Amino acid sequence: MNSSLVISKGSSRRSAYDLRSHHSDEDETHTLAVLVDNEAGVLARVIGLFSGRGYNIESLTVAEVDHERNLSRITIVTRGTPAVIEQIKAQLGRLVPVHDVHDLTVEGPSVERELALVKVKGVGDKRVEAMRTSEVFRARVVDSTLESFTFELTGTPEKIDAFVDLMRPLGMTELARTGVAAMARGD
């Protein structure tokens with residue numbers, strides 16, 4: 001096979017050819033959007049599918065998206081080989097309360113955002129440096145005492161990871177993250 005035709009990460013649903021190697025043993029991170037019935041026990045069934053087969057969930061968010069049709073959207077970020085990701089999607093699609101499964105990673109451009117609250121304790125130069133860093137990342141101060149700040153930050157998971165890495169040496173004491181919310185771009 002010509003090495004210039006090998007695609008390392010997913011193909012588009014709109015493509016006539018799937019050039020991914022499903023036999024690859026390299027893990028990839030995928031964001032899955034799953035539309036489900038909004039009823040008791042559905043989330044437990046979806047989570048049970050992952051835990052029962054030893055798959056890891058890196059991020060999970062759930063919210064009702066259509067009150068009239070009683071539907072919720074579960075956004076899951078998971079890692080696995082291309083074959084494992086295909087297996088996860090197929091197994092999710094077979095669950096009764098699941099209406100639709102989209103792999104946003106391979107279906108085209110998508111928007112991913114996460115919210116984080118970061119508490120930083122410090123005085124003097126560390127406090128000043130934490131404030132300067134927060135301005136660069138456009139983090140907002142949502143709580144302040146004489147000894148600490150709590151910052152609110154929205155962005156990609158990579159942006160939040162970078163902010164957290166910079167805040168650790170400045171006195172970060174607590175972190176809360178919402179998990180990824182994502183959707184396809186455009187129509």
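The entries below go from the overall picture to the salt bridges.

**Confidence.** I started by reminding myself that this is a predicted model. The mean pLDDT of the protein chain is 88, and 87% of its residues reach 70 or more. Residues 1–19 have pLDDT below 50, and beyond near neighbours in sequence I find 23 contacts for this stretch in the model. Where pLDDT is low, the predicted coordinates should not be read in detail, and I left that stretch alone.

**Layout.** I counted four helices and nine strands in the protein chain. Reading along the sequence, I noted the pattern β-α-β-β-α-β-β-α-β-β-α-β-β. For contacts with a separation of 6 or more, 70% come from residues 24 or more positions apart.

**Surface.** I looked up how much of the chain is covered: 36% of the 187 residues count as buried. The accessible surface comes to about 11,200 Å², and carbon and sulfur atoms hold 51% of that.

**Salt bridges.** Side chains of opposite charge can pair when their charged atoms come close. How many salt bridges does a search of the whole structure find? I got 10, and looked at some of them in turn.

- Aspartate 161 and arginine 177 form a salt bridge, with the closest N and O atoms 2.7 Å apart. The pair links distant parts of the chain, since aspartate 161 sits in helix 4 (residues 157–167) and arginine 177 in strand 8, 16 residues apart. Aspartate 161 is partly exposed at 36% relative accessible area, and arginine 177 is also partly exposed, at 34%.
- Glutamate 174 meets lysine 119 in a salt bridge at 3.7 Å, N to O. Glutamate 174 is in strand 8 (residues 172–177) and lysine 119 in strand 5 (residues 110–121), so this pair ties together parts 55 residues apart in sequence. I noted glutamate 174 as partly exposed, at 45% relative accessibility, and lysine 119 as partly exposed, at 31%.
- Aspartate 66 pairs with arginine 69 in a salt bridge, with 3.7 Å between the closest N and O atoms. Is arginine 69 buried or exposed? Arginine 69 counts as exposed because its relative accessibility is 57%, over the 50% cut-off. Aspartate 66, at 22%, counts as partly exposed.

Key:
Residues are numbered from 1 along each chain as its sequence is written. This is a predicted model: local features need pLDDT of at least 70, side-chain atom pairs count only at pLDDT 80 or more; totals for chains, interfaces and linings use all residues. Side-chain values use heavy atoms; hydrogens and water are left out. pLDDT is the predictor's confidence in each residue, from 0 to 100. Contact means heavy atoms within 4.5 Å. A salt bridge is a side-chain nitrogen of Lys or Arg within 4 Å of a carboxyl oxygen of Asp or Glu. Buried means under 20% relative accessible area, exposed over 50%, partly exposed in between (1.4 Å probe, protein chains only). Helices (H or I, at least four residues) and strands (E, at least two) are DSSP runs, numbered from the N terminus. Accessible areas come from the Shrake-Rupley method with a 1.4 Å probe; for residues, only the protein chains shown count as cover.
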